[in-house]
Amino acid sequence: MREVRALRADEIPVATALLDAAAETDGTVPLSEQARLALHHRAAGRVLTVGDEIVAYAHLETGADGASAEFAVHPWHRRRGHGRALLDVLVADAEGALRVWAHGDLPAAAGLARSAGLERVRALFQLRRPAADPLPDVRLAEGVNVRTFVPGQDEDAWLAVNARAFAHHPEQGAWTRDDLLQREAEDWFDPAGFFLAERDGALVGFHWTKIHPDGLGEVYVVGVDPSAQGLGLGRALTLTGLHHLRDAGVPAILLYVDESNTAAVRLYESLAFTPHTTDVMYASASTEPGT
């Protein structure tokens, strides 16, 4: 018998193995970093079981802007209606409009969304570039200096700038101190790759880089305070991080950018980033992206 229930803490390794199997089969990770952290730190999530076996996992996030979900079905148990059954439960649990992320823009996910009456409302591009390709020099505006993040000192200032820089971003702008500290506790965290731009002693922008376990570098997040727009900080900070990652010896550098952020897309294309994959958000026709 098929059942959807809350994940138990002792089932985290099973859920992790399921997600790893889906990633290997599909060639893309099925959950965002935020959902993965919720799984490992809070045992958050739902599982779909058949008998005693976990065959699917879902993460449902609710907040002031509504609910969003991500889920994966184990490759051995697909094409049996489990994905639709899990989606129907998530829609009911959301108690309102539900946004669903599908990582990799896979045909099966698109078909499932259509069958549930969901439409594509947003896309997140993953772009990549070879790290060894030539890079322009970094040029900072007069009065701006760049240093690296100091754990235990810079959290509050960074959170304030991040909130202002991403005031209209439904995920990044809502980060809390706990979100930041969780990432500082991750094995990949390295303050030497977390760059802060200051002007007149105040933080006005940042570029946080990341090196993945497989060696890939990432433009993890770049933000500029609205008060410092027009100084060319976005480009300068991006290049600061790219030079750092290249010098660290990574083979390639990836980043994520919303398709609606056309200015950022143009910036990254000017720095030789090219399309790699796309994550798609589906929602009911009446749901606006990010609401």
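User: How many residue pairs are in polar contact between domain 1 and domain 2?

Analyst: In this predicted model, seven residue pairs make polar contacts between domain 1 and domain 2, with both residues at pLDDT 80 or more. On the side of domain 1 that touches domain 2, α2 (33-42) and β5 (98-103) are the elements that give two or more residues. Of these, α2 gives the most, with four residues.

User: How many salt bridges does the rule find across this interface?

Analyst: The rule finds two salt bridges there. A salt bridge also joins the side chains of Glu-33 and Lys-210, at 3.0 Å from N to O.

User: What area is buried between domain 1 and domain 2?

Analyst: Interface size is often expressed as the accessible area lost when the parts come together. Here about 820 Å² is buried between domain 1 and domain 2, and carbon and sulfur atoms give 34% of that area. The assignment places domain 1 at 2-116 and domain 2 at 129-278. Their centres, taken over C-alpha atoms, are 29 Å apart. Ten residues from domain 1 and ten residues from domain 2 take part in the contact.

User: Which residues of α7 are buried?

Analyst: In an α-helix, residues three or four places apart point the same way, because there are 3.6 residues a turn. The buried residues of α7 include Leu-233, Ala-236, Leu-237, Thr-240, Gly-241 and Leu-245. Among the elements that the buried residues of α7 pack against are β7 (144-148), β11 (252-258) and α8 (262-270). Helix α7 covers residues 233-247 and reaches 21 Å from its first C-alpha to its last, close to the 21 Å expected. Gly-249, with a positive phi near 90°, follows α7.

Key
Residues numbered from 1 in each chain as written. Predicted model: local features only at pLDDT ≥ 70, side-chain atom pairs only at ≥ 80, totals over all residues. Heavy atoms only, no water. Expected span 1.5 Å × (residues − 1). Buried < 20%, exposed > 50% of the residue type's maximum accessible area, 1.4 Å probe, protein only. Contact = heavy atoms within 4.5 Å. Domains from an automatic or database assignment. Buried area = accessible area lost by both parts, 1.4 Å probe. Salt bridge = Lys/Arg side-chain N within 4 Å of Asp/Glu carboxyl O. Polar contact = N/O pair within 3.5 Å; in protein donor to acceptor, adjacent residues only side chain to side chain.
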